[in-house]
2 protein chains.
Amino acid sequence: MSKHLQRDLDHLKDELLAMGSMVESAINKAIAALIERNVELAEEVLEGDTQINLKENQIEEECLKILALHQPVAADLRFIIVALKVNNDLERIADLATNIAERSTYLSTHENLDATLDFSKMTEDVRDMVQGSLDSLVDQDTTLAQSVLSKDDDVDSINRKMFQTLQIHMKNKPETVERAVQLLSVSRYLERIADLATNIAEDVIFMVEGELIRHHFTSHHKEES
Amino acid sequence: MSKHLQRDLDHLKDELLAMGSMVESAINKAIAALIERNVELAEEVLEGDTQINLKENQIEEECLKILALHQPVAADLRFIIVALKVNNDLERIADLATNIAERSTYLSTHENLDATLDFSKMTEDVRDMVQGSLDSLVDQDTTLAQSVLSKDDDVDSINRKMFQTLQIHMKNKPETVERAVQLLSVSRYLERIADLATNIAEDVIFMVEGELIRHHFTSHHKEES
């Protein structure tokens, strides 16, 4: 690999990590805003989203530049394609954090719902999954990526339970419908963040294990070029 | 452009269109299943999803092959990156069609909800948006892509109205909460399909108009190579 390609790939990895940190911070703030009923934190999430969108565009441009300038093959090519997908998934996670922040603003300015909802376990799992998926990408660690995948079932199950609890609550106390619907939305947003972390982990596994599969193709490519 | 690259790009375009047709058919069936309360159609959507996932993987592999074999630059490179993103968005749309099919199975086996909900206008708009986004991609038609973007506001507004209507319904008839929550989900899934069609249209605009911006970079690249 050329020195210039190595330098550009290292820079891309750094940028993707910076994007990951921005997105993790957005999730943390959105969750804190929800749990602490803190409208100011929610506003910070909304304001920060523009920066994340800009960073997404910048990373995509960087991937295109590397492809055009260095025309990488095999593992390097696969890494860039995965970087493009992860970049896109991270931006979607940030959008969901924004959605949670919006709901939490509504909820913070309305009376608390008197229902037992396990948001702290759910948010902890979701945070672990996002962090785990990013760490697995940086370290190319498929064991960690696998553990992200297995955690997704837990989040799905908490989400289903949340739906059941909130539906019963709405039936018993119809006057809480609006707030309960907002909480249903939050639960679903968290479940979707978990799905996107799962996507990232799957891409990491595909990238690392795909290299074995790619060997055949790479030698084929060498014959043609 | 080499004859081989042209042939491979044409094939990729065909495959993407085939994927688009499969996804459009899944949406149409899921919507028909919902409106006609037809469980068999819903099952067809669920069964068809495996084929769509396989097609997604196949198209992604094809993009990687073209990148590795031909190392395209400028407009061709940008087209392949957009193809990768659109491929991903189409697979997500198919997942949402699957979700709608699941909800419609529940709804078809439970009593009809006595509420005025404008699903036919909403589904028509969503179908138009998906079809428009795919046509704009094939014809590189930014005017059509723009019209997809402007339709997204209509769908958002129908979704908001749907939420209001269903919340009032749940308050007045708490015994309908489960069915109303299923319908809320359907409305949200349709709104997300519209969002993904919007993503595709935005990528088309970026691809077509981005070529102007890329000229500078392309000449820079030529100097280096």
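Guide: A salt bridge is a side-chain nitrogen of Lys or Arg within 4 Å of a carboxyl oxygen of Asp or Glu.

Visitor: Okay, how many salt bridges are there over all chains?

Guide: The search of the whole structure finds 22. Bear in mind that this is a predicted model, where local features need pLDDT of at least 70, side-chain atom pairs count only at pLDDT 80 or more, and totals for chains, interfaces and linings use all residues. Residues are numbered from 1 along each chain as its sequence is written, chains are lettered from A in the order in which they are written, and side-chain values use heavy atoms, with hydrogens and water left out.

Visitor: Which residue does A:Lys151 form a salt bridge with?

Guide: Its partner is A:Asp128, with the closest N and O atoms 3.3 Å apart. A:Lys151 sits in helix H5 of chain A and A:Asp128 in helix H4, 23 residues apart. Helices here are DSSP runs (H or I, at least four residues), numbered from the N terminus.

Visitor: New topic! How many salt bridges are there across the interface of chain A and chain B?

Guide: The rule finds eight. One pairs A:Glu61 with B:Arg78 at 3.3 Å, N to O. In another, A:Glu178 meets B:Lys171, with the closest N and O atoms 3.1 Å apart. A:Glu178 lies in helix H6 of chain A and B:Lys171 in helix H5 of chain B, so this pair joins two chains.

Visitor: How many residues does each chain give to the contact?

Guide: Chain A gives 39 and chain B gives 39, where contact means heavy atoms within 4.5 Å.

Visitor: And how much area do chain A and chain B bury between them?

Guide: About 3700 Å², 59% of it on carbon and sulfur atoms. Buried area is the accessible area (1.4 Å probe) that two parts lose on being put together, summed over both.

Visitor: What is the secondary structure of chain A?

Guide: Chain A has six helices and zero strands. Its C-alpha atoms fill a box of roughly 70 × 30 × 20 Å, taken along the principal axes.

Visitor: Last one: how much of chain A counts as buried?

Guide: Of its 225 residues, 53% do.

How values were computed
Buried < 20%, exposed > 50% of the residue type's maximum accessible area, 1.4 Å probe, protein only.
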